[in-house]
Amino acid sequence: MDINFVDYLDIIGTIVFAMSGALAALNNKFDYFGALVIAFVTATGGGTLRDLFLGASPVFWIHSTEYFLYIFIGYLAATVFQSTVLRFRKTMFLFDTIGISVFTIIGLEKTLGLGFTPFIALNMGVMSAVFGGVLRDVLSNVPPLIFRDEIYAIPCYIGGIVYLILRSTGSPEEVNQLITIFLIILIRIIAIKRHWTVSPHVDRT
Amino acid sequence: MDINFVDYLDIIGTIVFAMSGALAALNNKFDYFGALVIAFVTATGGGTLRDLFLGASPVFWIHSTEYFLYIFIGYLAATVFQSTVLRFRKTMFLFDTIGISVFTIIGLEKTLGLGFTPFIALNMGVMSAVFGGVLRDVLSNVPPLIFRDEIYAIPCYIGGIVYLILRSTGSPEEVNQLITIFLIILIRIIAIKRHWTVSPHVDRT
Amino acid sequence: MDINFVDYLDIIGTIVFAMSGALAALNNKFDYFGALVIAFVTATGGGTLRDLFLGASPVFWIHSTEYFLYIFIGYLAATVFQSTVLRFRKTMFLFDTIGISVFTIIGLEKTLGLGFTPFIALNMGVMSAVFGGVLRDVLSNVPPLIFRDEIYAIPCYIGGIVYLILRSTGSPEEVNQLITIFLIILIRIIAIKRHWTVSPHVDRT
C-alpha cells in the first residue's frame, strides 16, 4: 500500500482529535476509561456517521484497526502530559485545523469513490470532519461548541468546494489537497483573528 | 413519477420540522450554522434512524437530495421571519401535527414495502415521526420534550394501528391516509385541550 | 431452536436493563411513554450500535421481536412495583452485572460469527454491554455514569479476554460462559467493595 502525505495527515488528525476528546473528558471529570471512549468517539465519530449514512458498512475502523493505535497514542499523550499539552494550545489548534481539513478531503474522496454526487460528497466530507466534536460534546453533556460561536464548519465547506473545482480541472491530486488544506487553515485563522461569527447572539460592540 | 397528496404533505412536514429545529436552535443561542444543522437533524433524524435500523442504506436523503432544498426553505423562513413565525404558533402546531401524521404513514409504508411485519412497521412509522424531535433536543442539550409532558407519540400509534386496519380492508390508499391524518390531528388537539397526560409527575388538582 | 442457559440470561439481562432504564426515566420526571422508550434504548442500544457498526443489518430486534416483549415486562415491573423494586437494589445490581456479562459474551460471539477479528469482537462485546446505559444517560440529559466513577466496562474487558482464551483451548462453550460470567461478577463486586476507581478526580484520603 502506498502511503502518501494525506495518510500521514490523517494519522496526525486522528491523534489530535483523540487528544482533544481525552482532554475535554478529563476536564469534565470523566474517569480514565471515559476519557478513552470520548477520545475514540471524537476521532472516529464523524467518519462513522458518514459510513453509516452512505451504507458503507462495516464502518472504516472495523477493518482499519490501526486507528485504535493512533487514538490510544493521542489518549496517552493527553492524559500523561496533560499540563504540558495545555501549554501548546496554538500548536494543538493548528493540528486540529489540519485534522478537519484532511478529514474533509478524505470524507469527500471516499463518498465520491462510492459513486455519490459531489453535493453529497461535500456534505459528507464536512460532516465527517466536524461531527466527532459534536458527539464529544453530546456525550459530555454540553451544547455542541461548533453550533455556538466558532467558525468551524464553514472553512471546511469553502475548502471542499474549492477542492471539487480543482479536482475537475485534472490538476494533480496532491497539489489540490495541499491548496485545500492551506486554504482551510488560512480561513480559520483569519476568522479567529477577526472574530468572524455567524451567530446572531454575539455582542459586537 | 406520480406526485400524490402525501408527497405534498411530506414536503410541508419537512419544512415545518426544519422550522421548528431552527427556531429551537436560535432560541438556544446556537449560531446560524448550528441552526441549519439542527433544522436538518430535526427534519430527517427519525427517518434516518428508521433506514439505519432496517438496513435500508444509503439513508433516504442521500438519494432524495430535494430534502436539502425543503429544509433550507424551512430554515430560511424561520431565521428571516423569526418573530412573524412565532406569532403563528397555532398554524405551526397544526403543520407540525400534519408532519408527524404524514411521517408515520410514510415510515409505515416504507417498512412494509421492505417486507417487514406490520408490528415493526408501526414502530418504525412512529419512530420516524417523533425521533427527529428527540435528536433536536439531545443536540440542544435539553431533556427530550416528548418524553416529559406532551401527548405526541400516542396519537401516532393509534393512527398507525387504524391505518394498518384500513389498509387490510382494501379501501383506497388516499382515503386511508386522509382518515389517519385527520384522526391523529383530532386526538392530538383533544389531548392538548383536555390536558391529557401519561406523566405520573403532573399535578392534576 | 435450542435454548441454552445464555439465552435465559440474555432474557434476564434484557428485562433488568429495561427496568433500570424505566426507573431512571421516571426518576428524571419523564412520562410513562418516555420511560418505555428509555427502557427500550437501555436494553437494546449497545447491541444496536454493534450491529450498525458491523453492517449486520437489519439490527437484531427487527427480526427478534421477542425483545419487545421482554422489555415491556421489565418496563411494567419497574413502573408498577417502583417502590418495591427500589428496595431490592442489591438483587438489581446482581442482575445488572449478570446482564453486562451475558451481553459481553453474546456481542463477542456474534462479532466472531460474522468473521471479524477477536480484537474487534472484544470491543464490540464490551460496547454492546455498556452503551445501552450510555444512551440512557444521553437521552436523560445527564453525563454518562459509566464515564465518571464506576468500574463498569473494565470487568467486561477482563472477562472478554479470559473468554477468548478459554474459547481457543477448545473447552466446552457453557463452561467458558459460566467462568466468564462469574469472573465479571466477582471483579465488579470486589471493585465496588474496595472502591476501585480509574478516576483522577476522586479524593482517596
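Where in chain A does A:Pro58 lie? A:Pro58 sits in the loop between helix 2 (32-54) and helix 3 (60-63) of chain A. Helices here are DSSP runs of H or I with at least four residues, strands are runs of E with at least two, and both are numbered from the N terminus. The model is predicted: local features need pLDDT of at least 70, side-chain atom pairs count only at pLDDT 80 or more, and totals for chains, interfaces and linings use all residues. Residues are numbered from 1 along each chain as its sequence is written, chains are lettered from A and ligands numbered from 1 in the order in which they are written, and side-chain values use heavy atoms, without hydrogens and water.

Chain A holds 9 helices and 0 strands. Its pattern along the sequence reads α-α-α-α-α-α-α-α-α. The radius of gyration of chain A is 17 Å, close to the 17 Å of the globule rule for 205 residues, so the chain is as compact as a globular protein of that length. This radius is taken over C-alpha atoms, and the rule is 2.2 Å times the number of residues to the power 0.38. Along the principal axes, the C-alpha atoms of chain A fill a box of roughly 50 × 50 × 30 Å.

Buried residues (under 20% relative accessible area, 1.4 Å probe, protein chains only) make up 57% of the 205 residues in chain A. Of the contacts (heavy atoms within 4.5 Å) in chain A with a separation of 6 or more, 72% join residues 24 or more positions apart.

The UniProt record, an unreviewed entry, places "transmembrane region" features in chain A, including residues 67-86 and 151-169. Such annotations may be inferred rather than shown by experiment. Residues 67-86 of chain A are 95% helix and 0% strand, with end C-alpha atoms 23 Å apart. For residues 151-169 of chain A the figures are 84% helix, 0% strand and 29 Å.

Backbone geometry was examined next. Most residues other than glycine have a negative phi, and most peptide bonds are trans. The bond from A:Ser57 to A:Pro58 is cis, with omega near -5 degrees. In chain B, the bond from B:Ser57 to B:Pro58 is cis, with omega near -5 degrees. A:Asn141, a residue other than glycine, has a positive phi near 65 degrees. A:Asn141 lies in the loop between helix 7 (118-139) and helix 8 (153-168) of chain A. Phi of B:Lys29 is also positive, near 65 degrees. B:Lys29 is in the loop between helix 1 (5-27) and helix 2 of chain B.

How values were computed
Buried < 20%, exposed > 50% of the residue type's maximum accessible area, 1.4 Å probe, protein only.
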